[in-house]
Amino acid sequence: MTSNEPIRRGEFGLTFPVRLVSDIRKSQEWYRNVLQCHDISGYGHATRGDGGGMGLIVCTAASQDDIRPNAVAQKRTDEPAEAASLEYGCDSLVEVAWHNLAYIIEEVRSRGGKITVKPYEYEHEGRLYMKAQIADYDGYNIVLSANRSQTEEPISQQPEDKFIKTIQVRLVSDLKKSLDWYKTVLGCDEVNDSGYARRGDPEAVYPVMEVILQQAASPHDVCPNAQCAKVRDVKGLWEGPDFPWDTFVHVPWEDVLLIVDEVRAKGGTIGTEPFETSNDGWDFLDARITDPDGYSIILGGMRRSGEA
């Protein structure tokens, strides 16, 4: 490699927020039956859509006290009053098309879902916004969000029960400090003052790592996941990780060490050094990075056993 060639960075790929729940089976059943997730696995996955939609991992909480949906964030001064619910926080933001939002809410309601905030509209900086809110089986809050130009006429077409993409939301103790960490240490390609951070190519086939950071109203509201309970001897269910997970990021096998070295060189904390395990014909290479508030970002590489 010559001196003027750029140093290759590790690739961030398919990303899953991790939720601690009271019962994996019941939580996955809710996501399957109410939110129409199609991929339900023994590793806790519940996903909907290919290359978009939504995806998450649920793990059994060791204690009911560890199930802590996000509290209401501190109000941003540049937001209109209607931009967020005053009663419920936001754990996931789901982007949908304008003509789909109300239809999705009615579909969720017809399947027994709890609508905590009905669809409402507001204006901000030349755009119209529509939002609504759903609570899942354990009370985690899912915000549906759509927007369009004020001069744009709504598209007249048959509505669909379709998600565009889903972004994890987390409360932090110091928004400016966190944004700086995600930009300089985690190497996010886009970070903005509204709290959005992304690492990876937004045009990639699979979702990249995206997160919305919100300023917590109280230090008590900053709550990284605790260690989940171990599920022992239950057929078809993985027993769970040996340390806390908040976000799981699939990365190419050879990139796990590359990203760990990059983060370490920038002063980041490596909560768990890379280690290998094997299961069901697959080899896994995992490592854990912790952000300034102790949220755990898991880097996960995998390959068929015997491959090198």
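Mentor: On a 1 Å grid over the protein atoms alone, a cavity is a set of points where a 1.4 Å probe fits but cannot get out, while a pocket is an open set with protein on both sides within 12 Å along at least five of seven lines; lining residues have an atom within 4 Å of a point. Grid points are joined across faces, edges and corners, and a volume is the space filled by probe spheres set on the points. With those terms, a search of the whole structure finds three cavities of 30 Å³ or more.

Trainee: What kind of model is this, and how are residues numbered?

Mentor: This is a predicted model, in which local features need pLDDT of at least 70, side-chain atom pairs count only at pLDDT 80 or more, and totals for chains, interfaces and linings use all residues. Residues are numbered from 1 along each chain as its sequence is written, and side-chain values use heavy atoms, with hydrogens and water left out.

Trainee: What is the volume of the largest cavity, and which residues line it?

Mentor: Rolling a probe the size of a water molecule over the atoms shows where empty space is left. Here the largest cavity has a volume of about 60 Å³. Its lining includes I24, Y43, V58, C59, T60 and W238. Strands (E, at least two residues) and helices (H or I, at least four) are DSSP runs, numbered from the N terminus. Strand β4 (residues 54-60) gives the most to this lining, with three residues.

Trainee: How does the lining of the largest cavity divide by class?

Mentor: Ala, Val, Leu, Ile, Met, Phe, Trp, Tyr, Cys and Pro count as nonpolar, Asp, Glu, Lys and Arg as charged, and the others, Gly among them, as polar. The lining of the largest cavity has eight nonpolar residues, two polar and one charged.

Trainee: How much space lies in the largest pocket, and what lines it?

Mentor: The largest pocket holds about 1,300 Å³ of space. It is lined by 46 residues, and the closest to its centre are R76, E79, L93, K131 and S194. Elements that give two or more residues to this lining include β5 (92-95), β6 (114-124) and β7 (127-135). By class, the lining of the largest pocket has 24 nonpolar, 13 polar and nine charged residues.

Trainee: What about the second largest pocket?

Mentor: About 620 Å³ of space lies there. Of its 24 lining residues, Y43, W238, T277, F284 and D286 are the closest to the centre. Strand β14 gives the largest share of the lining of the second largest pocket, four residues.

Trainee: Now the helices. Which residues of α4 are buried?

Mentor: Buried means under 20% relative accessible area, exposed over 50%, and partly exposed in between (1.4 Å probe, protein chains only). In helix α4 (residues 255-265), the buried residues are D255, V256, I259, V260, E262 and V263. Seen down the axis of α4, they fall within an arc of 160 degrees (taken from the directions from the helix axis to the C-beta atoms), so they line one face of the helix. Their cover includes β11 (196-199), β14 (269-279), β15 (282-290) and β16 (296-304).

Trainee: What do the buried residues of α2 pack against?

Mentor: Contact means heavy atoms within 4.5 Å. The buried residues of helix α2 (residues 98-110), among them W98, L101 and I104, pack against β6, β7 and β8. Just after α2, G112 takes a positive phi of about 90 degrees.
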